[in-house]
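Q: I would like a close look at one part of this model, starting with a single chain and then following it to its partners. Please walk me through it.

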Protein chains: 2
Amino acid sequence: MAILERNHLMIIQEVAREGSLTAAGARLNLTQPALSHAVRKIETQLGVKIWRREGRSLVLTQAGQWLLSLADRLLPQFSLAEERLEQFANGERGILRIGMECHPCYQWLLNVVSPYLERWPKVDVDVRQKFQFGGIGALLSNEIDILVTPDPLYKPGLIFTPVFDYELVLVVGSSHKLHGLTFITPEQLADETLITYPVPAERLDIYTQFLQPAGIAPRQQKQIETTDIMLVMVAHGRGIAVLPRWLVEEYASRFDLHSMRIGKRGIAKQIFLGRREADEDLQYLKDFVHFAADPQG
Amino acid sequence: MAILERNHLMIIQEVAREGSLTAAGARLNLTQPALSHAVRKIETQLGVKIWRREGRSLVLTQAGQWLLSLADRLLPQFSLAEERLEQFANGERGILRIGMECHPCYQWLLNVVSPYLERWPKVDVDVRQKFQFGGIGALLSNEIDILVTPDPLYKPGLIFTPVFDYELVLVVGSSHKLHGLTFITPEQLADETLITYPVPAERLDIYTQFLQPAGIAPRQQKQIETTDIMLVMVAHGRGIAVLPRWLVEEYASRFDLHSMRIGKRGIAKQIFLGRREADEDLQYLKDFVHFAADPQG
DNA sequence: TTTAAATAATGAATATAAATGATAATTTGC
DNA sequence: GCAAATTATCATTTATATTCATTATTTAAA
């Protein structure tokens, strides 16, 4: 069977370039006899005449010329691959797959990713949001490398780092009847239309920490995927929403929005970045946590 | 230094496909220990972790996944190359470079090449007409593979095969004063305008075999490259020409042409196909000679 | 034509790498 | 916890490359 190797292509290419076995050997760090043997072996192994001996130099046959063009096409891809591998080895290159379990954090994430991409030009970032076995499962099964979550689950092999604290607030439009209160009670939401991200209620703190303990449900719930649309709706009095305070403030200049505390004490939240212990030596990965904890670098 | 080999890619691909070393080994005709060693060697040689051991199966790391995609891209090209090489080895594939030293034979060549291309779909045909050191030189220096010539030069290493006989005839238009004669004499051409292909007189049989022996030259000579134009000119009485009889007959239906014998005995010609003895085992090359000698196959 | 320089081919010996068989160590499902 | 399946390890064998020393060619110059 013909077994065409990278080696063979290199020899064909180098002999063609240099025109002599001695010269080609020098470039390949081989002696002339080594090449002489190799050249003969290649021909017998492949079962094709690749060179015609003209005087003391080798001239490519038709099959040889065809192989040379193949070599010119394939060999650079090998070289490139090795370059990439070195980058992998140095931890310079990678795909940083970020899993998000915190819908509103998307905005925050963009602010972290931007300077990070500048710092790590060879690292690509990918963001995923759906996980069959939850964010922790995705992390453990190597589906993602970083998990952005408000719910750290300390497990062996995983490292969680808190990256920022924030407060969940109620957002209303300026003409809303709740506008102006310093804080709201569960009862005041009973008549409202609550706009949320499309996630189950048990993953929404406004339910688990505020409404359900009081045994109250909003009159209506609407699910909207994107933060922008959600806030446009709120600004036009079509409902109320619960979002991080910093996010509301960011949008306040564009939309007519007002935030107020949820309950007397408010809902405090903390966002964690989870990663695998096994990735400890991936510098670009650890560095992302730094950027996240301290966005200005 | 990292030396990424075809082998490595095959192992990465097969292990990923099969999910176990034992199974992959079977497909690669290797024992399990062989693969186990190989797998470890690949990682140390490339300096990158490629697999993560999860239980008893190997899961690709990011670098590994990247390598797998590389393998999926490169390996098929190797397989294809080997297929092609086999075709080269069997003489199914190649470029047939035909050299022409017989101007009017171009028409005949087309009739041979057409069915030949059908029979050898993987062989490409190239036709060349100018040679620095003559057709024989081009054949010897591997510039061409087949020489179409009326002048075989028997040299060691070359094989000539006659492929067809024909007669050179004089062509005139129907209103030409020579029209109607059964044959012509050199003297009758002394007042004529002779149209020839643009080649030196010593390569034109009408000179070497007919006019020069009689010490006669035509009143005028015009050189025209293409047969069609040449015959249009002749049909309109703008000159006379000397061409193979079969060629004149082919054009006779379209133009108003008449042929007559040159001298009492006529000029008989024979066309040969020359090739190198060294190409004896190139089936597609030998077959061309068959097609040429017997065009209907 | 001879000669010297350059290059390729050859062959035996050596070095390197790969594969194997036997066996120990893990992992997995029951 | 046990049996089946799989992987890891190790010494040994096998196969493959490489080298060194030498011979054979080719080329260009004397």
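In chain A, what share of the contacts with a separation of 6 or more comes from residues 24 or more positions apart?

A: Happy to. That share is 73% in chain A, where two residues are in contact if their C-beta atoms, placed from the backbone, lie within 7 Å. Please keep in mind that this is a predicted model, in which local features need pLDDT of at least 70 and side-chain atom pairs count only at pLDDT 80 or more, while totals for chains, interfaces and linings use all residues. Residues are numbered from 1 along each chain as its sequence is written, and chains are lettered from A and ligands numbered from 1 in the order in which they are written.

Chain A contains 10 helices and 12 strands; these are DSSP runs numbered from the N terminus, with helices being H or I of at least four residues and strands E of at least two. Its radius of gyration, taken over C-alpha atoms, is 31 Å, well over the 19 Å that the globule rule (2.2 Å times the number of residues to the power 0.38) gives for 297 residues, so chain A is more spread out than a compact globule. The C-alpha trace of chain A spans about 100 × 40 × 35 Å along its principal axes. Of its 297 residues, 34% are buried, meaning that 20 or more other C-beta atoms, placed from the backbone, lie within 10 Å of the residue's own; 12 or fewer makes a residue exposed, and anything in between partly exposed.

Now to the partner chain. Contacts link 24 residues of chain B with 24 residues of chain A. On the chain B side, α4 (62–89) and β3 (94–100) are the elements that give two or more residues, and α4(B) gives the most, with 14. That side holds 15 nonpolar, 4 polar and 5 charged residues, counting Ala, Val, Leu, Ile, Met, Phe, Trp, Tyr, Cys and Pro as nonpolar, Asp, Glu, Lys and Arg as charged, and the others, Gly among them, as polar.

How do the two copies relate?

At least two residues each come from α2 (21–27) and α3 (32–46) of chain A and from α3 (32–46) of chain B, and α3(A) gives the most, with 6 residues. By class, this surface has 7 nonpolar, 9 polar and 5 charged residues.
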